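Subject: Structure handover

Hello,

Here is the structure I promised you. Please open it first, then read my notes below.

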Amino acid sequence: MSAGLAAAPPARRDPAWSGRLAMAIAVALVLWPLLVATEFTPWTMLDAHSLRVTGRFLGEFYPPALSAEFLELVAHATGRTIAIATCGVALALVLAIPLSLVSTAALSVSRLSGRMAPVPFAVRLCTRVLMVGLRTVPELVWALVLVRVVGLGPTSGVLAIALTYGGLLGKVYGEILESADAHAARSLLVNGSGRLAAFLHGLLPNASAELCSYTLYRWECAIRSSVILGFVGAGGLGQMMDTSVKMLAGNEVATLLLVFVGLVALADLASAAARRALRED
Amino acid sequence: MASRWRLFLAASLFLAVGLCFWSLDLQWAALFAPESLRAMGRFLAEFFPLETGHAFLRKLAGASLETLAMSTLGTLLATAVAAVLCLPAARAADGRGVLWRAPARLLLNVLRSVPEIAWASLLLVAAGLGPMAGTLALALHTAGVLGRLFAEAIENAPPGPALALRVQGATAPQVLLYATVPLVAPQLLSYVLYRWENNIRVAAVLGIVGAGGLGQMLAFHLALFQMGRTGSVVAAMLVLVLLVDALSHVARRAMTRPG
């Protein structure tokens with residue numbers, strides 16, 4: 001498009017055409033090796049054999065599996081997926097809240113008078129490094145390690161989510177606290193209040209809405225993590241999906257996809273309601 | 001009234017969380033038994049020494065590049081799809097295009113609702129084992145997420161510049177390109193970078209279902225109890241995630257710097 005506009009009379013020339021053209025060329029240059037590296041050949045999906053398999057699979061999607069027996073299994077698996085995510089996030093909070101309180105510079109007493117003292121600085125740095133370590137390891141890897149200890153089942157899934165999300169939540173909580181209006185907390189600290197009191201009465205009221213809305217968003221992500229962990233044996237929807245796809249049972253897969261859509265719609269409703277409730281203060 | 005309502009909310013939240021814990025019958029005893037802690041320690045110790053054989057490292061580098069390419073291409077494809085789908089999904093200021101809004105939103109919601117790994121396991125049927133299935137899975141889910149965020153950004157853009165162009169007689173595509181896009185571009189770019197950070201994590205594990213990259217190597221070597229190699233794969237994952245985080249941080253910093 002930019003080339004076409006560039007050829008037009010000067011008065012109608014796109015003033016940004018050179019930038020746009022350079023951008024397009026850069027994207028094309030990056031794209032090519034990516035296509036090679038990912039063996040990106042979508043047309044192989046369109047050859048006769050592949051189309052036949054896909055067609056038969058998709059053809060079974062309708063009607064979805066709605067027998068009472070199967071629906072009961074699905075309900076059970078959905079409950080388990082949600083429960084693993086919820087317990088994981090609850091334990092992650094137990095980990096994240098103390099970590100973020102220790103790491104946030106907004107509650108530093110020594111920083112009130114110039115620079116932070118070296119020992120508290122080192123403590124905060126170590127806490128941050130610990131949180132980076134926790135959240136950099138994918139929850140799936142935590143789960144594979146924990147499976148050796150507690151065996152297959154929900155325990156390893158819950159702990160895996162707790163560890164990864166503990167690091168994630170701790171980091172973002174710390175950032176939210178630091179970006180919140182620190183005036184009240186600072187005056188409390190200057191006047192000799194304890195750090196915990198300064199947090200509860202000075203920082204938390206300013207930051208609570210954002211903290212809650214981020215936690216809810218992460219809870220939704222945790223449900224997705226919980227599905228992933230199901231694929232490696234934590235049970236729930238992931239495990240059902242794995243089995244149904246492997247058996248090419250299209251009707252069961254269709255039901256499970258509908259459940260995913262319903263779950264996310266529910267999570268959207270819940271977070272919208274929570275946001276409205278928080279705004280009413 | 002409001003405080004009683006909030007008390008009720010908090011109580012039901014605690015009840016729900018308690019119910020979740022109760023329903024799972026977690027094996028705390030097994031976890032905190034000294035014997036199992038030792039087992040976990042032994043398992044982690046088996047990762048060391050990391051396998052650093054020349055041939056293996058070359059394979060590992062290949063898989064790391066594959067994972068990086070999957071996350072990058074998946075995010076780029078998703079951005080392209082989202083850029084198209086967000087237009088009908090956004091509520092236009094002049095109330096046109098209402099007909100297409102509901103179907104576009106429904107499509108975005110469906111794309112977003114199905115987790116990447118579920119898309120990947122479905123695509124393996126159509127595309128076979130390999131990184132392409134993983135890339136497409138990332139692209140489908142991310143397109144849903146980004147499309148929704150893009151649409152919201154367009155709806156929330158200040159209407160002044162668009163109105164100024166429309167009053168001057170600019171056509172709808174011109175208004176979009178020269179008023180709306182420049183206004184929202186920084187925000188859209190930061191959404192894309194943020195999803196890229198997320199997608200490198202997902203791309204690293206998608207291989208567990210056979211969709212290529214480091215995840216596939218992890219599953220393979222772990223199944224064969226080659227712990228030194230497994231440790232190297234995990235280390236490569238960590239390096240890759242930290243690398244993308246750093247790149248994205250730098251890009252974001254460069255974008256927000258004034259001037």
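Start at Pro49(B), which sits in the loop between α3 and α4 (54-89) of chain B. Helices here are DSSP runs of H or I with at least four residues, and strands are E runs of at least two; both are numbered from the N terminus. A cis peptide bond joins Phe48(B) to Pro49(B), with omega at about -5°.

Before going on, some housekeeping. This is a predicted model, where local features need pLDDT of at least 70 and side-chain atom pairs count only at pLDDT 80 or more, while totals for chains, interfaces and linings use all residues. Residues are numbered from 1 along each chain as its sequence is written, and chains are lettered from A and ligands numbered from 1 in the order in which they are written.

Chain A has a cis bond too: Tyr62(A) and Pro63(A) are joined that way, with omega about 0°. Pro63(A) lies in the loop between α3 (48-59) and α4 (68-103) of chain A. For background, most peptide bonds are trans, and most residues other than glycine have a negative phi.

Now for phi. Leu248(A) is not a glycine, yet its phi is positive, about 55°. Find Leu248(A) in the loop between α10 (237-246) and α11 (250-279) of chain A. Phe225(B) is not a glycine either, and its phi is also positive, about 55°. Its loop runs between α10 (213-223) and α11 (227-256) of chain B.

Are these two residues buried or exposed? A residue is buried if 20 or more other C-beta atoms lie within 10 Å of its own, exposed if 12 or fewer, and partly exposed in between; C-beta atoms are placed from the backbone. Leu248(A) is partly exposed because it has 13 such atoms within 10 Å. Phe225(B) has 9, so it is exposed.

Next, compare two helices with their expected spans (1.5 Å times one less than the number of residues). Helix α3 (residues 34-46) of chain B has 13 residues and reaches 18 Å, close to the 18 Å expected. Where does α9(A) bend? It bends by about 65° at Leu204(A), and Pro205(A) follows within four residues. The bend is the angle between axes fitted to the seven residues ending at a residue and the seven starting there. After α9(A) comes Gly235(A), with a positive phi near 85°.

Arg218(A) also lies in α9 of chain A. Arg218(A) is buried because 20 other C-beta atoms lie within 10 Å. Leaving out residues up to four places away in sequence, Arg218(A) touches Val89(A), Tyr165(A), Leu168(A) and Leu169(A). Contact means C-beta atoms, placed from the backbone, within 7 Å. Val89(A) is 129 residues away along the chain, but the two C-alpha atoms are separated by 8.0 Å.

Last, the two chains together. How many residues of chain B are in contact with chain A? The count is 51, against 47 residues of chain A. The chain B side has 39 nonpolar, nine polar and three charged residues. Nonpolar means Ala, Val, Leu, Ile, Met, Phe, Trp, Tyr, Cys and Pro; charged means Asp, Glu, Lys and Arg; the others, Gly among them, are polar.

Best wishes

Methods:
Contact = placed C-beta atoms within 7 Å.
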